[in-house]
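Here is a brief report on one structure.

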Amino acid sequence: MPKPIKESDISTFRDYLNEVSGLYFENSKFSLLKKVISGRIEETGSAGFSEYYHRLTRSRQSKDELAVLGGILTVGETYFFRNRDHWNAFEECVMPWVITQCRAEGRHRIRIWSAGCATGEEPYTIAIAVSRCLPDRSRWAVEILGSDINPMAVAAARRGVYRENSFRGVPAFIRREYFEPVKEGGFRPRSYIRDMVSFQELNLLDARDMDRVCDVDVVFCRNVLIYFDAQSIETVMGHLHNALRPGGYLFLGHSENTTIRSPRFATISVCDTFVSRALPGENDGKRSLRIPAELEWVNEKEESVPQELEEKGRELKPRVSGTSGKNTDVDSLPAYIPVPKESAVSGVSEEHFPDVNKLREKAVEYLISDESSQSLKLFRQVLEREPEDVVSLLGTAILLAGSGSGDAALHCCGNILAIDPMTAEAYCVMALVHESRGDYRQALTVLEKAIYLDSSFSMAHFRLAGIYERLNRDSDRRRALRNTLNSLDEDDETRIRVYSGGFDRSAVSRVCKQHLTKAAKGFEGVVG
């Protein structure tokens, strides 16, 4: 019988994973890691932790074992069709624009990059969405690259077998039409979906890696930049811009859209969300249009654009609300996946959640998952019954701020403070609006009010660290990061996820520690 696993063994295992993959688990996750280690010791026939650790770190099976661990430890980090507003915008607006550009240039090759693809759900979602947009898929070369710095995640993505957690909120017909069951359990995308996608280990901060990707029409880089400091964000945005064709499109995460600004991109408001478009750059005429063979892009075919596609391109008129941030009313937006109302992804009605508390809880779940339209609908239903419900008003204010309606968000926060002047969260939302406008000193003022009212509000400390960085107050920034770490254990997990844009306690802790470590080593440590 293997010897019992000690806490020091778990710590050693955790630290090694962090070193080779970037994954980091707090001490609170030790029970999970112990369960994983015990399972792998048994499955590999190892005599105990020492033998298994040798297998993991110094044997010929090391790479394979890391891949197995990646499938175990990273599953559930993402899921298919996450943030349906983005997929609505992608199919209704961005794809028709890309098709029109292809026609104008006389090409029929579409290249899309999922940067930070985790276990592969996003690039396969892209493939499904593209297949729905092209009337004659066989006449097009569609090349979708999924990349991640984490080799375990890439290995799991290449394997491409997904369990129930990856399909949460997805109608059954999507699984039936685009996936097939596998003998060992789970589902994998059908072959014509898999054929569009390839995966690579790439580091977004490595210029040599980034030079390998170019001539891309659309980039998805969602909820990735939270792990980078401001200088690194600027570097990555430059790499993404260089990878895109002139005028190409970039999808960032919901929370990233409100805080990340780059002179290389223009932000446009479409389909109740935001998309960034690459502005002309100095190197546009110098960039190679060749995709290196090692990325396994499909070669362009010498065929003409199908007549059916030209007709479809003329018929599809993207619905855009302009650059002002004013969006079409949510209730008028069509569902992205056209299914009967009772089974639609966004079809959550009062009869299914008649209790106000359940409506509110579901709205918060949608908010955390970046499902903006669904979240706003449910918050509205709660406010119709309870107009002074502070949680729903706060959720509405966050969504308004995230959609670019800053004045409306500030007005909503004013109403909240009129109801309860001690609501620290309202000041945090106000700070988000001021920060998005570049008014860092006003953001600083309201964040200090939030912390005065609730010193355990971890994300207020975290955002304060970002503001101090903008104002070049390094010692204050480091203090704010330490305060974030100190308050995380006291803070509510749901509140952390709501005000961090969906990241949990361990992810925020990891980011803070990374920045503090950089500062301690003398690097330019910054919070984005």
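## Ile126 in its helix

Ile126 sits in helix α6 (residues 121–133). Helices (H or I, at least four residues) and strands (E, at least two) are DSSP runs, numbered from the N terminus. The model is predicted: local features need pLDDT of at least 70, side-chain atom pairs count only at pLDDT 80 or more, and totals for chains, interfaces and linings use all residues. Residues are numbered from 1 along each chain as its sequence is written, and side-chain values use heavy atoms, with hydrogens and water left out.

Ile126 counts as buried because its relative accessibility is 0%. Buried means under 20% relative accessible area, exposed over 50%, partly exposed in between (1.4 Å probe, protein chains only). Leaving aside residues up to four places away in sequence, Ile126 touches Trp87, Phe90, Ile112, Ser114, Ile144 and Phe220. Contact means heavy atoms within 4.5 Å.

## Strands β2 and β5

Strand β2 (residues 141–148) pairs with β5 in the parallel sense, over 5 bridges. Pairing requires at least two DSSP bridges between two strands. Leu145 has Ser198 in β5 as its bridge partner. Strand β5 (residues 197–201) is mostly covered, with 4 of its 5 residues buried.

## Helices α20 and α21

The axes of helix α20 (residues 458–470) and helix α21 (residues 474–488) come within 8 Å and cross at roughly 165°. Axes are lines fitted to C-alpha atoms, for helices over the stretch in contact, and angles run from 0 to 180 degrees between N-to-C directions. The two helices, α20 and α21, are therefore roughly antiparallel; angles under 35 degrees count as roughly parallel, over 145 as roughly antiparallel, 65 to 115 as roughly perpendicular and the rest as oblique.
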